[in-house]
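Thank you all for coming; I will take a few minutes to walk through one model, and I would ask you to keep the sequence and the structure in view as I go.

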Amino acid sequence: MPSRYTKKQISKTKKIMMLIALILLVLFYSGFILVSQIKTVYQVTFNGTPIGDASSPEIVFQWIGEQVNRFEGQYPGVLYETNESAISFTETKRLNAKARDSEVIASLQSSYEIKGRGVQVLVDGQVMGIVRDQHSADQILNQIQQPYSGANNDPKVKTLSYNNDEREKEAMSPSVPSSISFVEKVEIKPVVADPVNFSSEEELIKRLKGTDLKPIKYVVKEGDCISCIAQKFNISQDTVYKNNPWIENEFINIGDELDLTVRQPKLSVKTEGQYAETVSIPSGVEVTYDATMRVGVSKVANPGKAGKKKLTYQVTKVNGELVEEVVIKEETLEKAVPKQVIQGTKVIKGVGTGSFTWPIKGPTITSKFGKRWGRLHTGTDAVSSNLNIKSADNGKVIKAKYDSSYGNHVIVDHQNGYRTLYAHLSKINVEVGDLLEKGDQIGIMGTTGRSTGVHLHFEIRKEGVQLNPLKFLE
């Protein structure tokens, strides 16, 4: 049986098969070459905008780490935030793709940010500085308050009251005020900023303790007084006196120009507290008369005894300086026993009892007695809708005249060591030598002399020393 394929056909088939194998080999090799030229890169985008291809995300992260390390080394302890979240990566495979790491880093240098996180300290809305954190701000504010928080080695209270009279100084120690705050509005707000603008604690404390010069000129108006003006401008009476050394006591006239310029710190500390002292209550004198004793002869039947009362003050200070002192409570500890004196033959008109009543009806106090910053206001100023001025006790008129300071004024000698003075009267109704009973009219309230409004200036003196009238008046 003859063969189906001839040798010629077989040879041809072999050739075809070899050709196909060769073609397949060429195709395989070409494909291998092509695949080997496809590279993987990572497209880097910032806020959605492509900035280049990196060989790996680690290149970018390594660069970011270097920036963070540099920041932490330059600003130790400062918290920070970055815009790293704006960076994203997309893996890409491309023929002959080439990573350009240096170009990516260069682009990031102009886009990547690392900023400090701190807190602003504001006083009345004005930024005073930026510090690292809330704790640092609290530390600074505490340091400013600390000198006024109660560190006081003096166990006695330094009050406005004049201390030249006889009294027991049993003041409560002002070691810890009941409240401490700032006069100005203080705010602490988080902020993101360049740490080069941060302040150290020392720098910010110095800035807050600095002062601003506030020039103020004021013309005295009717009804003004030193304490009223000081309160109106939120300054101390000491400042008024220091800036205007021509003022004597509290005498100012309408039209006088006062320099109220004051250096005030950026931040002022206000403290409030209650303090108490025990003071003496004068015993007073009770006089009886004995017809069996001749005129001018007297004797002491009972020496009497001074009483005691406890005064509690509400005290307000700004930067350690006393700006207000108010008596909020008065408690009698021991009642005074009057000195009993027997005088011969008849009642002797003009001898005081040692017990004083208000010279005016329904008084309103406008300025208290007291030694303030080296100056003494020698009496108590008061006003009333009833302008009649009456003698505070029995006595004899020893002066009734006008002078440039007190204006129309009257001095009554109570012939028991005490004298009283009534100043700025519009009219005097008595003469020197007149004998007065308690309640007798002396004159009419006015505004003569160095006075800026209708009022009575009232003094009580003992052996020539001015005393606080409020400690004697019933």
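This is a predicted model: local features need pLDDT of at least 70, side-chain atom pairs count only at pLDDT 80 or more; totals for chains, interfaces and linings use all residues.

Leaving aside residues up to four places away in sequence, Ile105 touches Ile59 and Trp63, where contact means heavy atoms within 4.5 Å. Ile105 sits in helix α3, residues 101–111, helices (H or I, at least four residues) and strands (E, at least two) being DSSP runs numbered from the N terminus. From Ile105 to Trp63 the C-alpha distance is 7.6 Å, although 42 residues separate them in sequence. Ile105 is buried, because its relative accessible area is 15%; buried means under 20%, exposed over 50% and partly exposed in between, with a 1.4 Å probe and protein chains only.

Residues are numbered from 1 along each chain as its sequence is written, and side-chain values use heavy atoms, with hydrogens and water left out.

Turning to strand β3, residues 79–82, we find Thr82 there, and it counts as partly exposed because its relative accessibility is 30%. Beyond residues up to four places away in sequence, Thr82 touches Tyr112, Glu113 and Ile114, and its C-alpha atom is separated by 8.9 Å from that of Gly116, which is 34 residues apart along the chain.

The largest nonpolar core has 21 residues, of which Phe356, Ile389, Val410, Tyr422, Ile442, Leu456 and Phe458 touch the most other members; by nonpolar core I mean a set of buried Ala, Val, Leu, Ile, Met, Phe, Trp, Tyr and Cys residues joined through side-chain atoms within 4.5 Å. At least two residues of this core come from each of β25 (407–413), β26 (418–428), β28 (441–445) and β29 (456–462). Apart from this core lies another, of 15 residues, including Ile140, Ile205, Leu208 and Val269.

Helix α4, residues 134–145, deserves a moment as well. Its 12 residues reach 17 Å from first C-alpha to last, close to the 16 Å expected at 1.5 Å a residue, the expected span being 1.5 Å times one less than the number of residues. Within α4, Ser136, Ala137, Ile140, Leu141, Ile144 and Gln145 are buried, and the buried residues of this helix pack against several elements, among them β5 (114–123), α5 (201–209) and β13 (269–281).

Finally, the charged pairs: how many salt bridges does the structure hold? There are eight, a salt bridge being a side-chain nitrogen of Lys or Arg within 4 Å of a carboxyl oxygen of Asp or Glu. In one of them, the side chains of Lys217 and Asp259 meet at 3.8 Å, N to O. Lys217 lies in strand β10 (residues 217–219) and Asp259 in strand β11 (residues 257–259), so this pair ties together parts that are 42 residues apart in sequence. Another joins Asp238 to Lys242, with the closest N and O atoms 3.0 Å apart. Because Asp238 and Lys242 are four residues apart in helix α7 (residues 237–243), about one helical turn separates them. Asp238 counts as buried, at 11% relative accessibility, whereas Lys242 is exposed, with a relative accessible area of 61%.
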